[in-house]
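User: I am new to this structure and would like a close look at one part of it. Please keep the answer connected and brisk.

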Amino acid sequence: MEMQTIKKLEEEALKKSGTDFAKLGLALFFMVAVLTYSFLSNGGIPNNVFLAIAALIGAYMAMNIGANDVANNVGPAVGSKAMTMTMAIIIAAVFEASGALIAGGEVVKTIKKGIIDIAAFGGDADPFIWAMMAALLAAALWLNFATMMKAPVSTTHSIVGGVMGAGIAAAGFSIVSWSTMAKIAASWVISPVLGGVIAAAFLFAIKKSIVFKEDKVNAAKRYVPIFVALMSWAFVTYLTLKGLKKIWPQVVDILNFIPLVSIEMSKKPSFLTALTLGLVVAVLVYLAVKAKLNASNNRLENSKASVNTLFTIPLIFAAALLSFAHGANDVANAVGPLAAINDAVVNGGISSKATIPLWVMAVGGLGIALGLALYGPKLIKTVGSEITELDQIRAFSIAMAASITVIIASQLGLPVSSTHIAIGGVFGVGFLREYLQLTEKTNTIEEDLSLIDDEKSQLRAYKAEVKDLELKEGKSQDDYKRLVTLFKLIEDESKLIKSTKQHIKRVKKVQYVKRDAIKKIVAAWIITVPVAAVLAATLFYTIRGIML
């Protein structure tokens, strides 16, 4: 029996190692292909070796973004069983790559969020190239480590820390815009709190309006179309503002072909325009969902499980749209420094903005998709099931928080992280579950406390009787029997009081959010910027030492 067990374990280990080697082989093949293409296509340019190495690092960074950051978009949907892991990876990979290639933009800011002043480089391209390479590699290494530790972190903060550290190493502390860094630090608190509050608010609203009702079917028919329409409104607004802003003129041309639609041409969509488009879609979605539910009288059961299934399709759309918007925006974390290096090598100077060649954008988009497919499942499981238990309603609430928080924050000028928002949403629904569970148990706790008071009074009475009997002179046989009985009663009362107290503690300590996961993730968030900065500074000094 032991030999069979050992053999089975060996087979599983061999199978796992084989899978790991296959994943590593595919990742290395992609990186080498990018390196080779960059080197051959830019063979006549001075410093083309730098560009080829930077492309290699950019590919590595893109895969790490896919492995770590994309889990936030699909993790809740997978954890809630709205879709399988395979389905989530395919949808996210397709929409991430599409977002990057279609709406990623032709121009990107070379310095993420303006955290350093490029004038401090004095027009010298070499230190700038070294700094961008160091920043990109430092961010990628930190993301790789965080993924290994199953800690979802902000890729934006990783590259910000890398750029800051490399910039300080190249030109001193004065190069950093500390006011911008203060805003980024503030997002460590703003993002998860906003995401958590909004997710918890939507979950509570759904529970009060549908789940807690006796007639869940009629409540679902009335309120599910409203919630799905609100989600459509939020996501279309979010996608217009964050995912389509770089191809907005082309979108306007298409929309103006629709009868009765006339949108003024502009470089990017206004908030009012995005809100209006979202409202139009929301009305159409409301009517479609309401008609669908009215036609499903015989298929709906009066149960929470039946209500949960109504949110499955909206969750799949949410995962796809979040992935598209993420690909359109966060691809800059991978290709921004690479585009800066490409611009500096090709043009021999430093620019605050750089045109992104199609091959650079492809490195970002395809790298994110490949990283997700190869190494994303680990973080998807963490986000979807290892922080708190999710169902479709809870996952729906988290998706709502992801879109609404970004919209609110962008209009108020608040810096937020999509990673922190999503994880904050997971925390929010978990803590709401704890609160509701504790509220339901309040009466039980009060009854237990009342029981303890009664038992303590009885215990004191028994002890007082024992004391009187022990002081009594000339005790009879019945007195001794009574003493034995009293000691047994005192022991029983003590056990009952102790067990009741333990029950109260267990009720009060209901934990639907794993505290170890919170500690690990929050710690990773806090150290992301400083660790990436120190690592980037070290790499910059290493590169400079090799080159000089």
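Does Lys495 count as buried or exposed, and at what relative accessibility?

Analyst: This is a predicted model, in which local features need pLDDT of at least 70 and side-chain atom pairs count only at pLDDT 80 or more, while totals for chains, interfaces and linings use all residues. Residues are numbered from 1 along each chain as its sequence is written, and side-chain values use heavy atoms, with hydrogens and water left out.

Lys495 counts as exposed, at 52% relative accessibility. Here buried means under 20% relative accessible area, exposed over 50%, and partly exposed in between (1.4 Å probe, protein chains only). The side chain of Lys495 forms a salt bridge with that of Glu491, at 3.5 Å from N to O. A salt bridge is a side-chain nitrogen of Lys or Arg within 4 Å of a carboxyl oxygen of Asp or Glu. Glu491 is partly exposed, at 40%. Both residues lie in helix H17 (residues 477-508); they are four residues apart, so about one helical turn separates them. Helices are DSSP runs (H or I, at least four residues), numbered from the N terminus.

The count of salt bridges comes to seven. Another joins Arg394 and Asp391, at 3.6 Å from N to O. Arg394 is buried, at 8% relative accessibility. Asp391 is buried too, at 11%. Lys304 is linked with Asp391 and Arg394 in a network of salt bridges.

Definitions and conventions: Helix = DSSP H or I, 4+ residues; strand = E, 2+ residues; numbered from the N terminus.
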